[in-house]
Amino acid sequence: MTIKTKFFDEIEIDEKQIINFVDGIPGFPEHKQYVIINDEELGFTFMQSVDEWSLCFITLPPATLVGDYSFELSDETVEKLELEKPEDVATFAILNIPEDFKKMTANLRAPIVINTKNNKGIQELLDGDNYSMKHQVFKEDV
Amino acid sequence: MLVLARKKDEAILIGDEIEIIVTEISEDKVKIGIKAPKHMKVFRKELLEQVKEENLQSAESKVDLKALAKAIKK
């Protein structure tokens, strides 16, 4: 199927690629289907809403931002995503990019967690204060 | 909404599995202990509000991707 996107005009996607967020994500409960678009040239991963072209999140894998990113998923999430093993998980941190992009932050506290085996996704809110919702992507001297 | 008055060390039960205990009361703060099954998420409400706010801001970002990619690669 063809979908209209925020950053890439129209693209062709396979329906099997669609990630289903059963609960949507906080702030956008009505949009439950997204596709992941990797753009190697730009170096970002895009999470594009399937039914709303203007809704697209720019993300990065948390491991590219902090060396040893790790967390424990709640039982509720494991059940909801029908996760069988940790290797099936793909994780993305949503970026918040202001006009002055040097002030870009990443939400490491509430990562997007996807079960790559069944393409179910959720935005998980992590326990504890290990990670920030506004993690500075660039050091100040950029 | 049900409103109950509780003193220090008094508790409230919600169903069979959830217990909420007032552990400390000071002038402008109460400390609350929560016992709930592990599969239930317990969060400060403002934390979820913050996630929502972050998401809304992210979605609104009007970033010039090409300029950004160029600047990062420098």
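This note goes through the predicted two-chain model point by point.

1. **Basis and conventions.** Residues are numbered from 1 along each chain as its sequence is written, and chains are lettered from A and ligands numbered from 1 in the order in which they are written. This is a predicted model, in which local features need pLDDT of at least 70, side-chain atom pairs count only at pLDDT 80 or more, and totals for chains, interfaces and linings use all residues.

2. **Confidence.** The model scores ipTM 0.91 and pTM 0.87. For chain B the mean pLDDT is 90, and 96% of its residues reach 70 or more. pLDDT is the predictor's confidence in each residue, from 0 to 100. Where pLDDT is low, the predicted coordinates should not be read in detail.

3. **Chain A, layout.** Chain A has 1 helix and 10 strands. Helices (H or I, at least four residues) and strands (E, at least two) are DSSP runs, numbered from the N terminus. In order from the N terminus, the elements of chain A read β-β-β-β-β-β-α-β-β-β-β.

4. **Chain A, dimensions.** The C-alpha atoms of chain A fill a box of roughly 45 × 35 × 25 Å along the principal axes. A compact globule of 142 residues would have a radius of gyration near 14 Å; the 15 Å of chain A agrees with that. The radius is taken over C-alpha atoms, and the globule rule is 2.2 Å times the number of residues to the power 0.38.

5. Of its 142 residues, 33% count as buried. The cut-offs: buried means 20 or more other C-beta atoms within 10 Å of a residue's own, exposed means 12 or fewer, and partly exposed lies in between, with C-beta atoms placed from the backbone. Two residues are in contact if their C-beta atoms, placed from the backbone, lie within 7 Å. Among contacts in chain A between residues at least 6 apart in sequence, 51% join residues at least 24 apart.

6. **The nonpolar core.** The largest nonpolar core has 31 residues, and A:Met47 and A:Leu95 touch the most other members. β3 (19–21), β4 (33–39), β5 (44–49), β6 (56–60), β7 (89–96) and β8 (105–115) of chain A each supply at least two residues of this core. β8(A) gives the most, with 5 residues. A core here is a set of buried Ala, Val, Leu, Ile, Met, Phe, Trp, Tyr and Cys residues joined through C-beta atoms within 7 Å. In soluble globular proteins, nonpolar side chains tend to be buried together.

7. **A:Leu95.** Leaving aside neighbours within four places in sequence, A:Leu95 is in contact with A:Ile58, A:Thr59, A:Leu60, A:Met104, A:Ala106, A:Val137 and B:Ser58.

8. **β6(A) and its partners.** β6(A) is largely enclosed by the rest of the structure, because 4 of its 5 residues are buried. β5(A) and β6(A) run antiparallel, joined by 4 bridges. Strands pair if DSSP finds at least two bridges between them. A hairpin joins these two strands through 6 residues, and A:Met47 stands opposite A:Phe57 in β6(A). β6(A) also pairs with β7(A), antiparallel over 2 bridges. There, A:Thr59 has A:Ile94 of β7(A) as its bridge partner.

9. **Positive phi.** Two non-glycine residues deserve a look. A:Asp9 has phi near 55 degrees and sits in the loop between β1 (2–4) and β2 (10–12) of chain A. A:Asp9 counts as exposed because it has 8 C-beta neighbours inside 10 Å. A:Asn119 has phi near 60 degrees and lies in the loop between β8 and β9 (120–123) of chain A. With 19 other C-beta atoms within 10 Å, A:Asn119 is partly exposed.

10. **Chain B strands.** β2 (residues 18–25) and β3 of chain B pair in the antiparallel sense over 6 bridges. They form a hairpin with 4 residues between them. B:Ile21 is bridged to B:Gly33 in β3(B). β3(B), residues 30–35, is hardly covered: the count of buried residues among its 6 residues is 0. B:Ile14 is in β1 (residues 11–14) of chain B and counts as exposed, with 10 C-beta neighbours inside 10 Å.

11. **The interface.** 23 residues of chain B are in contact with 24 residues of chain A. On the chain B side, α1 (45–60) and α2 (65–73) are the elements that give two or more residues. α1(B) has the largest share, 11 residues. This side of chain B divides into 13 nonpolar, 6 polar and 4 charged residues. Ala, Val, Leu, Ile, Met, Phe, Trp, Tyr, Cys and Pro count as nonpolar, Asp, Glu, Lys and Arg as charged, and the others, Gly among them, as polar.
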